[in-house]
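Trainee: I have a chain on screen and want to read its fold. Can we go through it step by step?

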Amino acid sequence: MIDNEIQFITHLDFPDIEFQFDKVYFDYHGVQLYKNEDARKLAKNLAQIAFPNSHITVLNSRIHVMPPGVVLQEHADRRPPDAEHFHVLHFPLKTNNDAYLAFGDQRYHLEKHSLYEFNYTKPHWGANEGDEERIHLFIEVYAYPYDQET
């Protein structure tokens with residue numbers, strides 16, 4: 001887990017991705033969460049890019065669709081067991097200049113097709129003040145360096 005709030009990992013240059021959504025499996029205060037097999041495969045590949053010399057276990061991957069006008073209230077997530085090796089990644093698939101993730105008054109616009117790790121244990125919130133939906137691939141992963149025992 002990173003100590004700072006958010007960390008840019010890399011930008012990937014590839015065509016836009018369109019996912020088929022069956023049904024919302026959860027609505028989190030206006031953000032629709034979807035599961036998708038193609039998203040799960042992409043999540044595994046992105047986790048391997050983020051942690052190239054590590055054994056990777058993707059615990060969860062889902063698509064977050066934030067419609068225009070949605071504001072998530074500030075919250076902090078719990079630390080899981082073995083938090084040192086637990087990471088949360090965001091990969092924006094579609095965004096606009098008025099969509100952001102924030103820690104207090106510090107706002108971060110996450111660029112499309114860029115991979116970020118963020119510290120979910122620090123109080124954070126987000127908003128989409130734009131006219132278009134914001135879509136992120138959200139990934140929870142354990143990454144154990146190959147030179148460490150798991």
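Trainee: What is the strand order in the open sheet of four strands?

Mentor: First, the ground rules. This is a predicted model, where local features need pLDDT of at least 70, side-chain atom pairs count only at pLDDT 80 or more, and totals for chains, interfaces and linings use all residues. Residues are numbered from 1 along each chain as its sequence is written, and side-chain values use heavy atoms, with hydrogens and water left out. The pairing in this sheet is antiparallel, and the order is β5-β10-β7-β8.

Trainee: Which are the edge strands?

Mentor: Strands are DSSP runs of E, at least two residues, and helices are runs of H or I, at least four, numbered from the N terminus. Two strands pair if DSSP finds at least two bridges between them. An edge strand here pairs on one side only, which picks out β5 (71–75) and β8 (106–108).

Trainee: How many bridges join β7 to β8?

Mentor: Strands of a sheet pair through backbone hydrogen bonds, either parallel or antiparallel. β7 and β8 run antiparallel. In β8, R107 is the bridge partner of A102. The number of bridges joining β7 to β8 is three.

Trainee: Is L101 buried or exposed?

Mentor: L101 sits in strand β7, residues 99–103. Buried means under 20% relative accessible area, exposed over 50%, partly exposed in between, with a 1.4 Å probe and protein chains only. L101 has 8% relative accessibility, so it counts as buried.

Trainee: Which residues does L101 touch, not counting those up to four places away in sequence?

Mentor: Contact means heavy atoms within 4.5 Å. Q106, R107 and Y108 are among the residues L101 touches. The list also includes I6, L110, F118, H124, W125 and G126.

Trainee: What share of the chain's contacts with a separation of 6 or more comes from residues 24 or more positions apart?

Mentor: Start with the pattern along the sequence: β-β-β-α-β-β-β-β-β-β-β-β. That comes to one helix and 11 strands. Residues 24 or more positions apart account for a share of 80%.

Trainee: Why is the chain as compact as a globular protein of that length?

Mentor: The globule rule is 2.2 Å times the number of residues to the power 0.38, and the radius of gyration is taken over C-alpha atoms. For 150 residues the rule gives 15 Å, so the chain is as compact as a globular protein of that length because its radius of gyration is close to that, at 15 Å.

Trainee: How much of the chain is buried?

Mentor: The chain has 150 residues. Buried residues make up 49%.
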